[in-house]
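Subject: Structure handover

Hello,

Here is the structure I said I would pass on. My notes on it follow below.

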Amino acid sequence: MAEKTIIHTDKAPAAIGTYSQAVKVGDTVYLSGQIPLDPATMEKAGEDFDSQVVQVFENLKAVCEAAGGSLQDIVKLNIFMLDLSNFAKVNEVMGQYIQAPYPARAAIGVKELPKGVLVEMDGVMVL
């Protein structure tokens, strides 16, 4: 098996379980799910969807940069939301962080997310 490199940054929330923020194998980086926690306080970044989705992108950005890349290097993005009616807001905010060509993406409605948050994202990045 190829060598695994564990990615960690204090600019994103610390793992709250038995996982790493990201794992790099070769040129591929597997990004763990990011929820809208402020990395400094480990508290939810607001109760509204708008502030939470921005914080998730900020957290993903920090992990991508710690791995030596950027959000633009994400090739697959998975978005989990409690309410799929927020899909348009995700597109709006995503457009502020990632430019075309966009990654492959899934938007999935779920019943519950950790810590009562409204959105979570994970993905795969290729450097």
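M42 sits in the loop between β3 and α1, where helices (H or I, at least four residues) and strands (E, at least two) are DSSP runs numbered from the N terminus. Although M42 is not a glycine, its phi is positive, at about 60 degrees. M42 is partly exposed, with a relative accessible area of 24%; buried means under 20% relative accessible area, exposed over 50%, and partly exposed in between, for a 1.4 Å probe and protein chains only.

Before the rest, the conventions. The model is predicted, so local features need pLDDT of at least 70 and side-chain atom pairs count only at pLDDT 80 or more, while totals for chains, interfaces and linings use all residues. Residues are numbered from 1 along each chain as its sequence is written, and side-chain values use heavy atoms, with hydrogens and water left out.

K115, in the loop between β5 and β6, is another residue other than glycine with a positive phi, near 60 degrees. K115 is exposed, at a relative accessible area of 51%. A cis peptide bond, with omega about 5 degrees, joins A100 and P101; P101 is found in the loop between α2 and β5. For context, most residues other than glycine have a negative phi, and most peptide bonds are trans.

Now the sheet. Six strands form an open sheet in the order β1-β2-β3-β6-β4-β5, with mixed pairing; two strands pair if DSSP finds at least two bridges between them. β1 (4–7) and β5 (104–109) stand at the edges with a single partner strand each, so one side of each has no neighbour in the sheet. From one strand to the next, the twist averages 15 degrees. Axes here are lines fitted to C-alpha atoms, for helices over the stretch in contact, and angles run from 0 to 180 degrees between N-to-C directions.

Strand β2 (residues 22–25) pairs with β3 in the antiparallel sense over four bridges, and V23 stands opposite Y30 in β3. Strand β3 (residues 28–34) is joined to strand β6 (residues 119–126) by five bridges, again antiparallel; there the bridge partner of Y30 is V124. Strand β4 (residues 74–81) also runs antiparallel to β6, with seven bridges between them, and L77 has G123 as its bridge partner in β6.

E120 lies in strand β6 and is buried, with a relative accessible area of 17%. Leaving out residues up to four places away in sequence, E120 touches G33, Q34, I35, N78, I79, F80, L113 and P114, contact meaning heavy atoms within 4.5 Å. E120 and F80 are 40 residues apart in sequence, with 5.1 Å between their C-alpha atoms.

On to the helices. α1 and α2 pack at an angle of about 35 degrees, with their axes 10 Å apart. The contact is made by F49, D50, V53, V54, F57 and E58 of α1 and K89, V90, V93, M94 and Y97 of α2.

One aromatic pair is counted, under the rule that rings of Phe, Tyr and Trp (its six-membered ring) pair if their centres lie within 6.5 Å, with planes under 30 degrees apart counted as stacked, over 60 as edge-to-face and the rest as tilted. The ring centres of F57 and Y97 are 5.2 Å apart and the planes are at 10 degrees, so this pair is stacked. The pair links distant parts of the chain, 40 residues apart: F57 is in helix α1 (residues 49–66) and Y97 in helix α2 (residues 87–97). F57 and Y97 are both buried.

What makes up the largest nonpolar core, and which of its residues touch the most other members? Of its 27 residues, L31, V53, F57, L71, L77, V119 and M121 touch the most other members; a nonpolar core is a set of buried Ala, Val, Leu, Ile, Met, Phe, Trp, Tyr and Cys residues joined through side-chain atoms within 4.5 Å. The elements giving two or more residues to this core are β3, α1, β4, α2 and β6, and the largest share, eight residues, comes from α1. A second, separate core has five residues, among them I35, L37, L113 and V117.

Regards
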